[in-house]
Each structure stands twice: as structure tokens, then as C-alpha cells.
Amino acid sequence: MRGKEKIGLIGIVSSLFLVSMIFYPAASAEVVPNWVKNTALWYGEGEISETEFLNAIKFLIESDVIVLEGNNSEVTLIDTTGQVLIPNGNFDITSSGFYIPLNLEVSPGTTVIWRNDDSVPHTIQSQDEFGEIIGLFNSAPLQTGEAFEFKFDEPGVYNYFCSLHPWRVGIITVR
Ligand SMILES: [Cu+2]
């Protein structure tokens, strides 16, 4: 994402918070869960994807922390990409290097991009609920810095794992 767009997005989201603060003073910082605060911080530092940040904002709207009313109800957050980070140390079974996020929630039609930020190669293999590999999406080994993408058109819960480190499993939820 280009820097200008990012700034624009932050501007929009800041406006949402502003509206919320003006019309709903009861929505103090105390009702914002810590994970949302962390998500905002990490997004600002470039640690996590825009999708995760937008999911956090969506959560605040759905849980009525941010209330949109009147003409503002037309505000929609459109995001057609999602990203999963394979963090450094992901290969190590004793580390906490889980996929970020472990369960990525996206809308139908979203292209999900997995990026390998680890020091060793990884693969992304689609599997069924019994752990058997299925042919929906399967990547070649991704070297450090390489990415793999797949477009999810149908709602559903999609499991995947790394064939080189099969203890690493993740989920893409499309709805
Ligand atoms: Cu792996």
C-alpha cells in the first residue's frame, strides 16, 4: 500500500473516532479492548497488515464502541486484500512464531497474500478439516521475503499448514 493511501486511511479512521468522541462521550478509551489498542499501535509501526487494523475498527463498530448514524451510515470499509505474515522463528516448534494472524477473516473475493519473514523456507498447503492436503491452494517453498497469494471467492473456513513444519497450522475464514 502506498504511503499516501495509508495516511488517507488513518485520516478516515481518525474521523470516525472523532465523530464517536463528539457524539458519544461515553465511549471512552476504557471501552476499547487492549487488543484493539495494540492492533492500532502495531499497524502504525508497520508490524501488521491493514486488514487486521480494519478488522479491529470493524469490531469497534460492530460492538457499538464506534456508532455511525444518520447519513454516516453509508460509510463502508472496503478491503480486497488480506495478508498473513510468516514471522521470524516460525520454523521453531518451541517458539511462539505463529502465523500473524492465526485466523485471518476476509470477505469473499479477497486475495490473501502470505509473506515469509522467517529465515528459512516455508510452504502454504491447503488441507481439509482432517489434516489431509487438498489441491485448493499449494505454494512452492517460499524463500525469505517471498510471497504467495490465493483469491478466496466462496465463504467458508479454510485450513492450511506448512509441509516443512507441519506443526504450523493457520486458518482463513471467508464470510
Ligand atoms: Cu514452514
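**Around Val84**

Modeller: Let's start at Val84: skipping its neighbours within four places in sequence, Val84 is in contact with Tyr99, Ile100, Leu104, Val112, Trp114 and Gly170. Contact here means that the C-beta atoms of two residues, placed from the backbone, lie within 7 Å. Bear in mind that this is a predicted model, where local features need pLDDT of at least 70, side-chain atom pairs count only at pLDDT 80 or more, and totals for chains, interfaces and linings use all residues. Numbering starts from 1 along each chain as its sequence is written.

Val84 belongs to the largest nonpolar core, which has 25 residues; Val84, Val112, Trp114 and Ile172 are the ones that touch the most other members. Such a core is a set of buried Ala, Val, Leu, Ile, Met, Phe, Trp, Tyr and Cys residues joined through C-beta atoms within 7 Å. Buried means 20 or more other C-beta atoms within 10 Å of a residue's own, exposed means 12 or fewer, and partly exposed is in between, with C-beta atoms placed from the backbone.

The largest share, 4 residues, is from α3. Helices (H or I, at least four residues) and strands (E, at least two) are DSSP runs, numbered from the N terminus. Domain 1 (3-74) and domain 2 (81-174) each give this core at least three residues, with bounds from an automatic or database domain assignment.

Most peptide bonds are trans. Pro101 itself sits in the loop between β1 and β2.

Now for α3 and its helical neighbour. The axes of α2 (residues 34-44) and α3 come within 9 Å and cross at roughly 150°; they are lines fitted to C-alpha atoms over the stretch in contact, with angles from 0 to 180 degrees between N-to-C directions. On the α2 side, the contact uses Val36, Thr39, Ala40 and Tyr43, while α3 brings Glu52, Phe53, Ala56, Phe59 and Leu60.

Val65 counts as partly exposed because it has 19 C-beta neighbours inside 10 Å. Its C-alpha atom is 7.0 Å from that of Val31, 34 residues away along the chain.
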